[in-house]
Amino acid sequence: MIKNYSMNRSDLVGWTRVVVEKPFGKDLASAEELSSQIGELFEEPQIYRIDHYLGKELVQNLLVLRFANRFFLPLWNRDNVDNVQIVFREDFGTEGRGGYFDQYGIIRDIIQNHLLQVLCLVAMEKPVSLTPEHIRDEKVKVLQSVVPIKDEEVVLGQYEGYKDDPTVPDNSNTPTFASVILHIHNERWEGVPFILKAGKALGSRKADIRVQLKNVPGDIFKCQNQGRNEIVIRLQPSEAIYMKLTVKQPGLEMSTAQSELDLSYRQRYQGVVIPEAYERLILDTIKGDQQHFVRRDELKAAWEIFTPLLHRIDKGEVKSLPYKPGSRGPAEADELLEKAGYVQTHGYLWIPPTLA
């Protein structure tokens, strides 16, 4: 019926496009089945698998930031980058939608799609051009280079009170928090851990990317304990790009402190309306631009990474640890982060600039 009544029949004018919202299946098999069913009705250039994270202003800025600024080019590799964190935090729980959420969990809901798409843009090679297929080709190469996930590099959590929702089974093992380390087996990123972390009912609400650089060799200022250089891209809220660096503390003494070079969007672009992610993506659909949409082979490669782990979780082989609402998540997640090599900056807090 769809093919008979919804397809444009004219070869001269008009078009037919279908927008598909996530979830794109629950694992590799169900995603492939869904893709096959849609593929019987529509050609791939007509299919727009929408991931609203690809419509966010700072996510769309990633390619420009990386490939239009010369000083990033020599830094963006395993010689200089120690680790990369991509983090999503919410300060509220499932709030009455526990029955739906329990079927999917935080990995299917956030990490396998939103955060993995961000990882692709952080890690991909420069595309031949900005045409959608060239960009998506490079993203697929990244996904195909990710090595299988090890259970010892995964921490799952479930906040206390989650199972108080009557729609959630009493024996639920569904994670509301997950921290997963991914490794990319290629020349640029060999040995650099990518930490993907997402959770609900945490102590703050934010999403950001942290590219932490290695220690400065021959530290004559003895300031490494203050923290490393980081390139931080705040996706939400208070969109910003800032670089954490060590500077001289003002005064007579030769002492150092952590500070930042800061591009805060609310301050720099006052009066500029930043479109909502879905606004951009729906406009791209009308224009026929698939750059910020997920291609079938890209979706398949993403599910190949996470399906084995998800099946182990579904079978109860990997357990969710309890954590208190309003906390950072399970303490084991911080231990995993330290194991991955991330160095916490103590005594430093980024404060968004005011408009005054």
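**Packing of helices and sheets in the predicted model**

Helix 3 and helix 5 lie roughly parallel to each other, because their axes cross at roughly 10 degrees and angles under 35 degrees are counted as roughly parallel. In this predicted model, the axes of helix 3 (residues 57–67) and helix 5 come within 9 Å. The crossing of the two helices is right-handed. On the side of helix 3, the contact is formed by V59, L62, L63 and R66, and these meet V118, L121, V122 and A123 of helix 5.

Nine strands form an open sheet with mixed pairing, in the order 10-9-8-7-3-6-5-4-12. Strand 10 (256–264) and strand 12 (320–323) are the edge strands, each pairing on one side only. From one strand to the next, the twist averages 20 degrees. Within this sheet, strand 3 and strand 6 (residues 193–199) run parallel and are joined by six bridges; Q85 has I195 of strand 6 as its bridge partner. Helix 3 packs on the sheet, where it touches strand 7 (206–213), strand 8 (230–236) and strand 9 (240–248). The direction of helix 3 makes about 150 degrees with that of strand 8.

The loop between strand 3 (81–89) and helix 4 (98–101) contains E90. With a relative accessible area of 14%, E90 falls under the 20% limit and is therefore buried. Apart from neighbours within four places in sequence, E90 is in contact with G199, K200, A201, L202, S204 and R205.

A separate open sheet consists of three strands in the order 1-2-11, again with mixed pairing. Strand 1 (18–21) and strand 11 (293–294) each have a single partner strand, so both stand at the edges with one side left without a neighbour in the sheet. Strand 2 (residues 47–50) pairs with strand 11 in the antiparallel sense over two bridges, and R49 has V294 of strand 11 as its bridge partner.

Note on methods: Residues numbered from 1 in each chain as written. Predicted model: local features only at pLDDT ≥ 70, side-chain atom pairs only at ≥ 80, totals over all residues. Heavy atoms only, no water. Pairing = 2+ DSSP bridges. Helix = DSSP H or I, 4+ residues; strand = E, 2+ residues; numbered from the N terminus. Buried < 20%, exposed > 50% of the residue type's maximum accessible area, 1.4 Å probe, protein only. Contact = heavy atoms within 4.5 Å. Axes fitted to C-alpha atoms, helices over the stretch in contact; angles between N-to-C directions. Parallel < 35°, antiparallel > 145°, perpendicular 65-115°, else oblique. Left-handed = near helix turned anticlockwise from the far one by under 90°.
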